[in-house]
Amino acid sequence: MSASISSRNLSTAPRVLVVDGSKVVRQLIARVLQKELPQAEVVGCGSGAEAHRLLDSGVFDFITVALRLPDMDGLELARYVRESAPQIYVPIVAVSGDVDDRLHRRALGEHVTDYFDKSLGFQALAEFIRGYVRPESAAEGLVLYVEDSRVVALATRRMLEKIGLTVRHVVSVEDALALLEAERSQGSVGADVVLTDVSLKGELTGGDLLKIIRSDFGYGKGKLPVLVMTGDENPDNQAALIRAGANDLVEKPVEEKLLITKLLFQLRVAQHLRARESKL
């Protein structure tokens, strides 16, 4: 068997397993990945049983799985991976057209690392995977960061500035809205992405900020992505944040690599959508 995940060096060729019942989808994903990550070894299979055999014979650095497979649910496969010792920490991303519905119900389960909606396109998927297996050391973008804890804000700001992001930090939703309103009056959105805690000083919460950005300002998920940090593990409360328009959630305490990966992904997708709109 190949070396375990903990001992594998991702400076060597990462191995990606693509599990999808559609041969066309597998070929599309593999083609884009091989273009964007030419050093990656992409292995495709069409069923859960075939995936079992591949997983038993070697270690992968990243796994994408469709939610619906010919012989099992994709979440069953994710559970199998977690029960196989060499694979226990490998990132598993559910790739499907109905991920959004399951995400709204917080029904993806604890075994899936992350999710990806096919409607964003396979190019965005390649960039998403690159964030896991080839993390960027530098990035550009303006982050509006809403956090009332000085200690947490200092640590998180250092994480973001370390990779080149510009951070505008405010301690309340009221301050964030004042900034966004001032920028809007000048014809600007005011940030490339918003990163906000849920519980904040003042009368308004991060959830209120999210609703105002989506409803009052009319900024969609592509125009101004919002990443919400929460310590609330209640699935119903998390689902409410997604329904209100959060692009994604990051649970506290925040793990640096996961936060950076999710934040950079939202930045890249938003930049891609803006570039596409400018050509129309």
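Guide: Welcome! A residue is called buried under 20% relative accessible area, exposed over 50% and partly exposed in between (1.4 Å probe, protein chains only). This is a predicted model, where local features need pLDDT of at least 70 and side-chain atom pairs pLDDT 80 or more, while totals for chains, interfaces and linings use all residues. Residues are numbered from 1 along each chain as its sequence is written, and side-chain values use heavy atoms, without hydrogens and water.

Visitor: Why is P91 called buried?

Guide: P91 has a relative accessible area of 17%, under the 20% limit, so P91 counts as buried. P91 sits in the loop between α3 (74-83) and β4 (92-96); helices (H or I, at least four residues) and strands (E, at least two) are DSSP runs, numbered from the N terminus.

Visitor: What makes the link between R15 and E41 a polar contact?

Guide: Their side chains come to 3.1 Å, and a polar contact needs N or O atoms within 3.5 Å, one able to donate a hydrogen and the other to accept it (residues adjacent in sequence count only through side-chain atoms on both sides). A polar atom of the R15 side chain also lies 2.8 Å from the backbone oxygen of V59. R15 belongs to strand β1 (residues 15-19), and at 15% R15 is buried, because that is under 20%.

Visitor: How do you know that the buried residues of α2 are on the same side?

Guide: In helix α2 (residues 48-57), the buried residues are G48, A51 and L55. They cover an arc of only 55 degrees around the axis (taken from the directions to the C-beta atoms), so they share one side of α2. The face turned away from it carries the exposed residues R53 and S57. Among the elements covering the buried residues are β1, β2 (41-45), β3 (62-65) and α3, where contact means heavy atoms within 4.5 Å.

Visitor: What makes β7 and β10 edge strands?

Guide: The open sheet has 5 strands in the order β7-β6-β8-β9-β10, with parallel pairing. β7 (166-170) and β10 (248-251) each have a single partner strand, so one side of each is without a neighbour in the sheet.

Visitor: Why is D197 called buried?

Guide: Its relative accessible area is 7%, under 20%, so D197 is buried. D197 lies in strand β8 (residues 193-197). Beyond four places in sequence, its contacts include V146, M229 and K252.

Definitions and conventions: Two strands pair if DSSP finds at least two bridges between them.
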